[in-house]
Amino acid sequence: IIIKLFEKFLLTMDECVKEMYKNNNEKDYENLMAQAHKLKGSASALCFEKITKISSNIESLIKNGDEQDFSEPIEELSELYDFVKSK
C-alpha cells in the first residue's frame, strides 16, 4: 500500500509541477495557488517536508497578494521531483 501511495504522489507531483509552470507563465495565480495547495497536502501526508514547505510558501505568498514570478521555487520543486522519482 505504501508503494501505491508513493506512486500516486509521484503522479500528483508531476501534474502539479507542470501546471504550476503553466500557471506561472500565464500569471494565473489563482490556479497556481490551487496547485501549490494540492501539492502541499500530498507532500505533507508523506512527510516530504521540503516539498511541503516550498508549496506552502508559494500558496501563502499568493494568498497575501504577492503576485511575483515563482519560476525559482517551481524549478526547485521540479528538481525535488526528479530526486524523489529516482529513489
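This is a predicted model: local features need pLDDT of at least 70, side-chain atom pairs count only at pLDDT 80 or more; totals for chains, interfaces and linings use all residues.
Modeller: Residues are numbered from 1 along each chain as its sequence is written, and side-chain values use heavy atoms, with hydrogens and water left out.

Colleague: Which pattern does the protein follow along the sequence?

Modeller: Helices (H or I, at least four residues) and strands (E, at least two) are taken as DSSP runs and numbered from the N terminus. On that basis the protein has four helices and zero strands. Read along the sequence, the pattern is therefore α-α-α-α.

Colleague: What radius of gyration does the protein have, against that of a compact globule?

Modeller: The radius is taken over C-alpha atoms, and the globule rule is 2.2 Å times the number of residues to the power 0.38. The C-alpha trace spans about 40 × 20 × 15 Å along its principal axes. For 87 residues a compact globule would have a radius near 12 Å, and the value for the protein agrees, at 12 Å.

Colleague: What share of the contacts between residues at least 6 apart in sequence joins residues at least 24 apart?

Modeller: A contact here means heavy atoms within 4.5 Å. Among the contacts between residues at least 6 apart in sequence, the share joining residues at least 24 apart is 59%.

Colleague: Is Phe48 buried, partly exposed or exposed?

Modeller: Phe48 lies in the loop between α2 (29-45) and α3 (49-63), and, leaving out residues up to four places away in sequence, Phe48 touches Phe6, Phe9, Ala43 and Val84. Buried means under 20% relative accessible area, exposed over 50%, and partly exposed in between (1.4 Å probe, protein chains only). Because its relative accessibility is 21%, Phe48 counts as partly exposed.

Colleague: How far does the backbone oxygen of Phe48 lie from a polar atom of the side chain of Thr52?

Modeller: Thr52 lies in helix α3 and is buried, with a relative accessible area of 17%. Apart from neighbours within four places in sequence, Thr52 is in contact with Lys40, Ala43 and Ser44. A polar contact is a pair of N or O atoms within 3.5 Å, where within protein one must be able to donate a hydrogen and the other to accept it, and residues adjacent in sequence count only if both atoms are side-chain atoms. The distance from the backbone oxygen of Phe48 to the polar atom of the Thr52 side chain is 2.8 Å.

Colleague: With which residues is Gln35 in contact, leaving aside its neighbours within four places in sequence?

Modeller: Gln35 is found in helix α2, and at 16% relative accessibility Gln35 counts as buried. Its contacts, with those neighbours set aside, are Cys16, Glu19, Met20 and Asn23.

Colleague: What is the phi of Cys47, which is not a glycine?

Modeller: Cys47 has its place in the loop between α2 and α3 and is exposed, with a relative accessible area of 62%. Lys27, in the loop between α1 (2-25) and α2, is not a glycine and has a positive phi of about 55 degrees. For Cys47 the phi is positive, at about 65 degrees.
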